[in-house]
Amino acid sequence: MIATRRRFLGLAAGLLLAGAGWSSRAESPEEASATRLMDDLMWNRGPIGGSFALIDHAGKLRTDEDFRGKLLLIYFGYTYCPDVCPTDLQQIGLAVDGLGARAEAVQPLFITLDPERDTAAHLADYVPSFHPRLIGLTGSAEQIRRVALAYKVYYAKYPPDSSDYVIDHSAFIYLVDKTGKYIGFFPPGTTANRMIEIITLNLSGTKR
Ligand code: NI
């Protein structure tokens, strides 16, 4: 596990910039939709977030209501992601560590955008390398599509009809308050220290 973390650390150094937005591909219907989703998210247009029922990496059914009373850090990605996901998940893990005792009030969640390959068992191999308290969530393709859409997450398979694919996806880190209400998002590449500062403001209720 330490070896895995170290590998991700190495990757993280050179790839922070890669997380700064969307991959540059030729125009396609998916791109148009990505723009729309990002536009909605950035200007806080329409409801963001909401209920979900998914399977955690231990195989247990989890709903959003199970996490009431916790500040949620929600990240959407997939375990085969070569760069952005490991970088951001590592920062989330460091942020939870850095919060010390205050981390009790925070629950980090990783929702896969690749339910086909990311089974509960597969997530169980992956999430603990970032943080022991990180919970991986998977579900049917339809369940994942629904929760991703609720959070305005863009994702698409490339190439779409191959078994050897990557998933192009937006990589925001969502903050949801203790009542289940969406607060806002951290952009891709946000450092653990910045997350700690902002989470601390939200936990102490001193947020402007
Ligand atoms: Ni990724």
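1. H169 is buried, at 9% relative accessibility; buried here means under 20% relative accessible area, with a 1.4 Å probe and protein chains only. The model is predicted, so local features need pLDDT of at least 70 and side-chain atom pairs count only at pLDDT 80 or more, while totals for chains, interfaces and linings use all residues. Residues are numbered from 1 along each chain as its sequence is written, and side-chain values use heavy atoms, with hydrogens and water left out.

2. The NE2 atom of H169 coordinates the nickel ion together with the SG atoms of C81 and C85, at 2.0 to 2.2 Å. Donors are N, O and S atoms within 2.8 Å of the metal (3.2 Å for Na, K and Ca); water is not among the atoms, so sites may look incomplete. Along the chain the donors follow the spacing C-x3-C-x83-H.

3. C81, in the loop between β3 (71-77) and α3 (84-98), and H169, in strand β7 (residues 166-169), are 88 residues apart and link distant parts of the chain. Helices (H or I, at least four residues) and strands (E, at least two) are DSSP runs, numbered from the N terminus. C81 is buried, with a relative accessible area of 8%.

4. Helix α3 is mostly covered, as 12 of its 15 residues are buried, among them C85, L89 and I92. Just after α3, G100 takes a positive phi of about 60°.

5. R62 lies in strand β2 (residues 61-63) and is buried, with a relative accessible area of 17%. Contacts of R62 (heavy atoms within 4.5 Å), leaving aside neighbours within four places in sequence, include F52, D56 and L137.

How values were computed
Buried means under 20% relative accessible area, exposed over 50%, partly exposed in between (1.4 Å probe, protein chains only).
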